[in-house]
Amino acid sequence: MTAGPENEQVSEVQTATNVAPPSTPSQLVTALQREHPEWIKDVIEALGEVTAVIPREHIVEVCSFLKGGMDATFDFLADLCGVDRGVEEEPRFEVNYHLFSTTRYYRLRLKVLLNEDDVHVPTVTGVWRTANWHERETYDLLGVIFDGHPDLRRILLPDDWQGHALRKDFPLRGYEPYSLK
């Protein structure tokens, strides 16, 4: 029985991880982008850091793959935070996932861009449990909604707080009754 050409094809990511892992996070992301072009919109390298821009609908797949799908597992979600780029920018918001590999000592940032009128992104609490707290903080301070989150509620500000304090259009002195008169 002979193997057909479809059986002989091995993904570049599998080849890279089974034979010799990519030597840098940049090479790893580039190989992943070739294998799944829909997963990564852009790769940005600056100041020795690698950032991959991910469409929101693929963030859970990408995180799951990076956590357990290769030799250089990104097994630690060091941080997850949001950014308000300003009311004049579109997309206005971004969610940054700072990943770390405790086996290879790689760092990688994933970025999801969100328009002001649709601030929803799927939760990654199923990939890293620590995302629970990070996502709640990002929700509380910026208003990003993590769909599927097990307990999305305020974590730092009072329950009756109006608005999201780290948005650039939030009043510097806050709203009543919390203003600093």
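**Start at helix α4**

Select α4 and look at its buried residues, where buried means under 20% relative accessible area, exposed over 50% and partly exposed in between, using a 1.4 Å probe and protein chains only: they pack against α3, β4, β5 and β6 (120–122). Contact, here and below, means heavy atoms within 4.5 Å. Helices (H or I, at least four residues) and strands (E, at least two) are DSSP runs, numbered from the N terminus.

Before you go on, note that this is a predicted model, in which local features need pLDDT of at least 70 and side-chain atom pairs count only at pLDDT 80 or more, while totals for chains, interfaces and linings use all residues. Residues are numbered from 1 along each chain as its sequence is written, and side-chain values use heavy atoms, with hydrogens and water left out.

Which residues of α4 are buried? Colour I59, V62, C63 and L66 to see them. They sit on the same side of α4, because they cover an arc of only 95° around the axis; the arc is that of the directions from the helix axis to the C-beta atoms. Now show the strands too: α4 lies across β4 and β5, and runs at about 175° to β5. For such angles, axes are lines fitted to C-alpha atoms, for helices over the stretch in contact, and angles run from 0 to 180 degrees between N-to-C directions.

**Zoom out to the whole chain**

Switch to a cartoon view and count along: the chain has five helices and seven strands. Starting at the N terminus, their order is α-α-α-β-β-α-β-β-β-β-α-β. Of the 181 residues, 41% count as buried.

**The sheet**

Next, select β1 to β5. They make an open sheet of five strands in the order β1-β2-β5-β4-β3, with mixed pairing. β1 (42–46) and β3 stand at the edges with a single partner strand each, so one side of each has no neighbour in the sheet. From one strand to the next, the twist averages 20°. Two strands pair if DSSP finds at least two bridges between them. Strands of a sheet pair through backbone hydrogen bonds, either parallel or antiparallel.

- β1 and β2 run antiparallel and are joined by five bridges; find A46, which stands opposite E49 in β2.
- β2 and β5 pair in the parallel sense over three bridges; here T51 stands opposite R109 in β5.
- β4 and β5 pair in the antiparallel sense over eight bridges; Y97 has L110 in β5 as its bridge partner.

Four of its five residues are buried, so β2 is largely enclosed by the rest of the structure.

**Into the core**

Which residues have the most contacts inside the largest nonpolar core? Select I59, L66, Y97 and L110; the core has 33 residues. A nonpolar core is a set of buried Ala, Val, Leu, Ile, Met, Phe, Trp, Tyr and Cys residues joined through side-chain atoms within 4.5 Å. Elements that each supply at least two residues of this core include α3 (25–35), α4 (59–68) and α5 (131–142).

Stay with Y97 and display its surroundings. Leaving out residues up to four places away in sequence, Y97 touches a list that includes I59, L77, L110, V121 and F146.

**Two buried polar stops**

Click on N96 in strand β4. N96 is buried, with a relative accessible area of 5%, and a polar contact of 3.2 Å joins its side chain to that of E94. A polar contact is a pair of N or O atoms within 3.5 Å; within protein, one must be able to donate a hydrogen and the other to accept it, and residues adjacent in sequence count only if both atoms are side-chain atoms.

Then find R136 in helix α5. Is R136 buried or exposed? R136 is buried, at 5% relative accessible area. Its side chain reaches the backbone oxygen of R154 at 3.0 Å.

**Finish in the loops**

Most residues other than glycine have a negative phi, and most peptide bonds are trans.

- L47, in the loop between β1 and β2, has a positive phi of about 55° and is exposed, at 88%.
- Y105, in the loop between β4 and β5, has a positive phi near 60° and counts as exposed at 62% relative accessibility.
- E90 and P91 are joined by a cis peptide bond, with omega about 5°; P91 lies in the loop between β3 and β4.
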